[in-house]
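Q: I've got a model open and would like to talk through how it is put together. Can we start with burial and then go on to the helices?

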Amino acid sequence: MIEMRVAGIALDAITRSPIVLLKDSSDRRALPIYIGQDQARAIMGAMEHQKPPRPLTHDLMVSVLETWDMTLEKVIIHSLQKDTFYAALIVQQGDVKKEIDSRPSDAIAIALRTNTPIWVMEEVVADASIPVDRDADEAEQEAFREFISNLRPEDLIKRFDNSEG
């Protein structure tokens, strides 16, 4: 799994639909997730630390967690099926841990309110992320190509012999 953070909310230039943008810690990959208008407002409100006069749904959920001494341990965006992302809230109460199915947008809105880490399965990042730093990606690929081109079979044999003993 890869820990990601909310980089912001954007609008699709064509559809004008909101997108929450997650980025990895190195800012090399971004994961765009289309969300609804209400969820975009909820995420932006949490990012800006706005407190509504009355609890909104995500604030209510946080209150329920706190009232029942439950901790949101992490959010996991675990799969992508037919252009739909799936997430889970990992909630802990004492020694008991439960996984609760959630839309990614709701999970993100709650995670922001509780300072909870957001994790994304590697296969989801591989399938749906977009490169942010193409120059760094190309430099890394070139360094790997150079490493491979200079590698000799005896180098591999030495490495494997050393790792076993």
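Q: What share of the residues in the chain is buried?
A: This is a predicted model, and in it buried residues make up 32% of the 165 residues in the chain.

Q: What part of the contacts comes from residues 24 or more positions apart?
A: Among contacts in the chain with a separation of 6 or more, residues 24 or more positions apart account for 51%.

Q: OK, helix packing: how do α1 and α3 sit relative to each other?
A: The axes of helix α1, residues 37-47, and helix α3, residues 104-114, come within 9 Å and cross at roughly 15°. Because angles under 35 degrees count as roughly parallel, α1 is roughly parallel to α3.

Q: Left-handed or right-handed crossing?
A: The crossing of α1 and α3 is left-handed.

Q: Which residues meet there, and what classes are they?
A: From α1, the residues Gln39, Ala42, Ile43, Ala46 and Met47 meet Ser105, Asp106, Ile108, Ala109, Leu112 and Arg113 of α3. Sorted by class, this contact of α1 with α3 has seven nonpolar, two polar and two charged residues.

Notes. Residues numbered from 1 in each chain as written. Predicted model: local features only at pLDDT ≥ 70, side-chain atom pairs only at ≥ 80, totals over all residues. Heavy atoms only, no water. Buried < 20%, exposed > 50% of the residue type's maximum accessible area, 1.4 Å probe, protein only. Contact = heavy atoms within 4.5 Å. Axes fitted to C-alpha atoms, helices over the stretch in contact; angles between N-to-C directions. Helix = DSSP H or I, 4+ residues; strand = E, 2+ residues; numbered from the N terminus. Parallel < 35°, antiparallel > 145°, perpendicular 65-115°, else oblique. Left-handed = near helix turned anticlockwise from the far one by under 90°. Nonpolar A, V, L, I, M, F, W, Y, C, P; charged D, E, K, R; others polar.
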